[in-house]
Amino acid sequence: MAPGSVIKVIVGIIVFVVAAIWLLAKLATSGYEIDAQVMTKEAVAARLKPVGDSVASDAPPGQRTGEQVFKAICISCHGTGLAGSPKFGDAAAWAPRIAKGYDTLIDHALHGFNAMPVKGGSPDLSDDEVKRAVAYMANAGGAKFTEPPVGGAAAAASPAGASAPAAVAALDPQVVGKKIFDSVCTACHSTGAAGAPKFGDKAAWAPRLKPGIDEVVKIATKGLNAMPPKGGYTGSDAEFRAAVEYMVNASK
Ligand code: HEC
Ligand code: HEC
């Protein structure tokens, strides 16, 4: 072999060995991460669950919340506004729908309406689940409908996998949210200090609410300019969300 080819072969071997070591190291550390976690039965089950089957199966049939039904089913059209469906969180698209009233919207969701299929194409949904999903979507678009309650304590488990389902179920935004607002958020949001959108000021909140409540919660959780992460609140994410919802509901 010419000296040039020998060098090429040696370089090739080195690259191969380095790549192999890197791969082994990756395998070893990912294994370690799994071992290091406390693997509860639930965690194992969650890992084994097929992708895309996460939200709907977290609750027994008939016991899914509006959010769970939306994220499992309705989102496939309403998430993007597919086929002319009113898009989630789009207040302008939802306003004329909301004006029809909760009962009419429920009727159309249960029985179909033009390109809107019966029960969103999932006949296995209970009527109450559809009603909850309608309320969840319409509320994100500016309505204030009340979801039919989910019965049974087991059904209260939040999709985020909160460790204390009972506590989360007890999270009435109007009660918990007000408490947190009065103790933390009021400092800026009652006066508009530092450019904070003022509590109850519809004009200040309208442009912020356009992307939908989930996005607003996400932004506020991370913090935005003079808005500290979670507004400086140190409690759980669910509680912080209740505070956001309390403020938002009073401001739209
Ligand atoms: C295959 C797409 C698709 C899926 C999935 C879907 N929708 Fe729709 N939905 C539509 C379309 C399209 C419209 C608009 C129909 C129209 O106004 O002509 C609509 C409209 C609606 C309306 C407004 C009806 C009215 O009277 O203005 C509600 C409420 C609704 N959908 C609820 C739901 C719920 C709840 C789910 C999930 C369980 C769901 N949709 C799943 C396509 C879908
Ligand atoms: C130190 C002052 C301060 C405190 C305390 C505070 N905020 Fe804010 N907040 C702001 C400011 C300023 C903005 C506007 C930031 C911007 O748009 O640049 C804001 C914006 C927001 C927004 C809108 C985010 C968006 O998407 O536009 C939400 C929601 C919010 N705050 C929730 C809360 C909640 C809930 C609390 C209490 C737990 C809280 N804030 C406490 C200053 C504060």
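In this predicted model, a polar side-chain atom of N114 lies 2.9 Å from an oxygen atom of ligand 1.

**Around ligand 1**

Ligand 1 is surrounded by 26 residues, and C74, C77, H78, H108 and M116 are the closest of them. Three helices, α3 (66-78), α5 (102-111) and α6 (127-140), each bring at least two residues to the shell. Helix α3 has the largest share, with 6 residues. Sorted by class, the shell holds 16 nonpolar, 7 polar and 3 charged residues.

**Around ligand 2**

For ligand 2, the shell again can be described residue by residue. Of its 26 residues, C185, C188, H189, N225 and M227 come nearest. The side chains of H189, R208 and N225 each have a polar contact with ligand 2, as listed below. Helices α8, α9 (202-209), α10 and α11 each give two or more residues to this shell, and α8 provides the largest share, 5 residues. By class there are 20 nonpolar, 4 polar and 2 charged residues.

| Side chain | Atom of ligand 2 | Distance |
|---|---|---|
| H189 | nitrogen | 2.8 Å |
| R208 | oxygen | 2.7 Å |
| N225 | oxygen | 2.7 Å |

**The iron site of ligand 2**

Which protein atoms coordinate the iron atom of ligand 2? They are NE2 of H189 and SD of M227, at 2.0 Å. H189 belongs to helix α8 (residues 173-189) and M227 to the loop between α10 (213-222) and α11 (237-249), so the pair ties together parts that are 38 residues apart in sequence. For comparison, ideal angles for six octahedral donors are 90 or 180 degrees.

Are these two residues buried or exposed? H189 counts as buried because its relative accessibility is 8%, under the 20% cut-off. M227, at 21%, is partly exposed.

**The nonpolar core**

Finally, the largest nonpolar core contains 23 residues, and V134 and F145 have the most contacts inside it. Helices α3, α4 (91-98), α5 and α6 each contribute at least two residues to this core, with α6 giving the most, 8 residues. In soluble globular proteins, nonpolar side chains tend to be buried together.

Technical notes:
Residues are numbered from 1 along each chain as its sequence is written. Chains are lettered from A and ligands numbered from 1 in the order in which they are written. This is a predicted model: local features need pLDDT of at least 70, side-chain atom pairs count only at pLDDT 80 or more; totals for chains, interfaces and linings use all residues. Side-chain values use heavy atoms; hydrogens and water are left out. Donors are N, O and S atoms within 2.8 Å of the metal (3.2 Å for Na, K and Ca); water is not among the atoms, so sites may look incomplete. Helices (H or I, at least four residues) and strands (E, at least two) are DSSP runs, numbered from the N terminus. Buried means under 20% relative accessible area, exposed over 50%, partly exposed in between (1.4 Å probe, protein chains only). A residue is near a molecule or strand if one of its heavy atoms lies within 4 Å of it. A polar contact is a pair of N or O atoms within 3.5 Å; within protein, one must be able to donate a hydrogen and the other to accept it, and residues adjacent in sequence count only if both atoms are side-chain atoms. Ala, Val, Leu, Ile, Met, Phe, Trp, Tyr, Cys and Pro count as nonpolar, Asp, Glu, Lys and Arg as charged, and the others, Gly among them, as polar. A nonpolar core is a set of buried Ala, Val, Leu, Ile, Met, Phe, Trp, Tyr and Cys residues joined through side-chain atoms within 4.5 Å.
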